[in-house]
Amino acid sequence: MGRLDEVYINGSMEHRLPGNLNISFAYVEGESLLMGINDVAVSSGSACTSATLEPSYVLKALGTGDDLAHSSIRFGIGRFNTEAEVDYVADRVCETVERLRELSPLYEMAKEGVNLKDVKWAGE
Amino acid sequence: MSTTDLKTATQEQRTPAPDGIKLPIYMDNHATTPMDPRVLEAMLPYFMEKFGNAASRNHPFGWSAEAAVEQAREQIAKLIGATAKEIIFTSGATESDNLAIKGVAEMYREKGNHIITAVTEHKAVLDTCKRLEKNGYRVTYLPVQKDGLVDLEDLKRAIDDKTILVTIMAANNEIGILQPWREIGKICREKGVLFHTDGVQAVGKVPIDVNKDNIDLMSITAHKIYGPKGVGALYVRRKNPRVQISAIIDGGGHERGMRSGTLNVPGIVGLGKACALAKEEMSQEGHGTVGRGLH
């Protein structure tokens, strides 16, 4: 997934289970990404409980902001996954993240150098 | 943006699935794993042909069920460096976590009422601790560092003369990080505090040895290691020190009184086989070579 920018790995890379990757794709909603890659079964870092979409308490404990927590996906590769499947999933994720970001005004603003934290939003 | 727009937007220019790839692809193996066909094969005779109750002492139906259960106990024990008698069968990891924490809390109540855990634990541990807080126990929830690991100095500082148990998972279910369980075990042993670890995500994937790592209790489940759902185990140390726990399910005195209820023989056979396969294949699967910096 080297072709994507603004990708953050959640948790230590050194002390980690083999086969696990938990990644946040900035400016992309995890739930939208899941919808976009609907032929791949993975989990998002938001636990959909009742009406609210709560970001994961584990990611919050690491100090991950709500935005990045909502944009996280957990991949769990197992005994029966093939290399071809892993390659396919990586391609699908990259193209879906790119397409979702093309539609994201926030990503566009960030690319133009706007610091989103300084923006005064209407209604704020 | 409507769902339809989103679908159109995300499905354009989709990479076609290469030949030989069957969709959908399952890549959520921390939630659960598919059963290994070899596990299923081992279990099948115990549904119909060898259906006996492992507690039936008077006939061969019971004896063959009991023999299968004892073989599974050996297989599980071997994977984690324990002895067969230290394996207590349960319905899965949630029950094992409950049994370990509530069982120790009740048994050692006179010694102390303080338990230490971490904020990133599984809900089976966190909610069990919250229940104990309502019953007069004191719980410290350790924070974690940016990389997800607990700070060992925080742990040392949190232990006091009323601390009876530290419960910190080996591998985290969400972010996959490995806590420094061996170092935690060493600290607990030095301070004379029992150490429980939820080993659900780590057992069978990275080497864990309850003796080298000073683990006193460890929760295990079958369905994360290519075994069936609805069966798990709790490792309970019998020597140096001998750990005692109160039961949370009372009844016929199965599992030496620690967990009553007729044993789920096919499930137990499946858990045993899954552990045996994990032990054989851990190195081949690349497991045990990555991410073990502290061990």
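Which residue lies over the face of Y137(B), and at what distance from the ring centre? I looked it up: R109(B) does, 4.9 Å from the ring centre. For a charge to sit over a ring, I need NZ of Lys or CZ of Arg within 6 Å of the ring centre and within 35 degrees of the ring normal.

Ground rules before I go on. This is a predicted model, so I take local features only at pLDDT of at least 70 and side-chain atom pairs only at pLDDT 80 or more, while totals for chains, interfaces and linings use all residues. Residues are numbered from 1 along each chain as its sequence is written, chains are lettered from A and ligands numbered from 1 in the order in which they are written, and side-chain values use heavy atoms, with hydrogens and water left out.

**Rings and charges**

I then turned to a charge over a ring of chain A. The charged end of K123(B) sits over the ring of Y57(A), 4.4 Å from its centre.

Next, ring against ring. I pair rings of Phe, Tyr and Trp (its six-membered ring) if their centres lie within 6.5 Å; planes under 30 degrees apart are stacked, over 60 edge-to-face, and the rest tilted. That gives 3 aromatic pairs over all chains. One of them is F51(B) with F61(B): the centres are 5.5 Å apart and the planes at 35°, so I log the pair as tilted. F51(B) is in the loop between α2 (37-43) and α3 (60-80) of chain B and F61(B) is in helix α3 of chain B, so the pair ties together parts 10 residues apart in sequence. Helices here are DSSP runs (H or I, at least four residues), as are strands (E, at least two), numbered from the N terminus. F61(B) is partly exposed at 44% relative accessibility; buried would be under 20% relative accessible area and exposed over 50%, with partly exposed in between (1.4 Å probe, protein chains only).

**Helix α3(B) against α8(B)**

I followed α3(B) to its crossing with α8(B) (residues 265-281). Their axes come within 8 Å and cross at roughly 30°; the axes are lines fitted to C-alpha atoms over the stretch in contact, with angles from 0 to 180 degrees between N-to-C directions. The crossing is left-handed, meaning the near helix is turned anticlockwise from the far one by less than a right angle. Among the contacting residues (heavy atoms within 4.5 Å) I noted A65(B), A68(B) and V69(B) of α3(B), and I268(B), G272(B) and C275(B) of α8(B).

Where are the cis peptide bonds I looked up? One joins L23(B) and P24(B), with omega about -5°, and P24(B) lies in the loop between α1 (3-11) and β1 (25-26) of chain B. Another joins N240(B) and P241(B), omega again about -5°; P241(B) is in the loop between β8 (232-236) and α8 of chain B.

Y226(B) has phi near 70° and sits in the loop between β7 (217-221) and β8 of chain B. Is Y226(B) buried or exposed? Y226(B) is buried, at 5% relative accessible area. R256(B) has phi of about 50°, lies in the loop between β8 and α8 of chain B and is partly exposed at 45%.

**K191(B)**

Last entry. K191(B) belongs to helix α7 (residues 181-191) of chain B and is partly exposed, at 44%. Leaving aside neighbours within four places in sequence, I find K191(B) in contact with K156(B) and I159(B). From K191(B) to G204(B) I log 13 residues in sequence and 29 Å in space, C-alpha to C-alpha.
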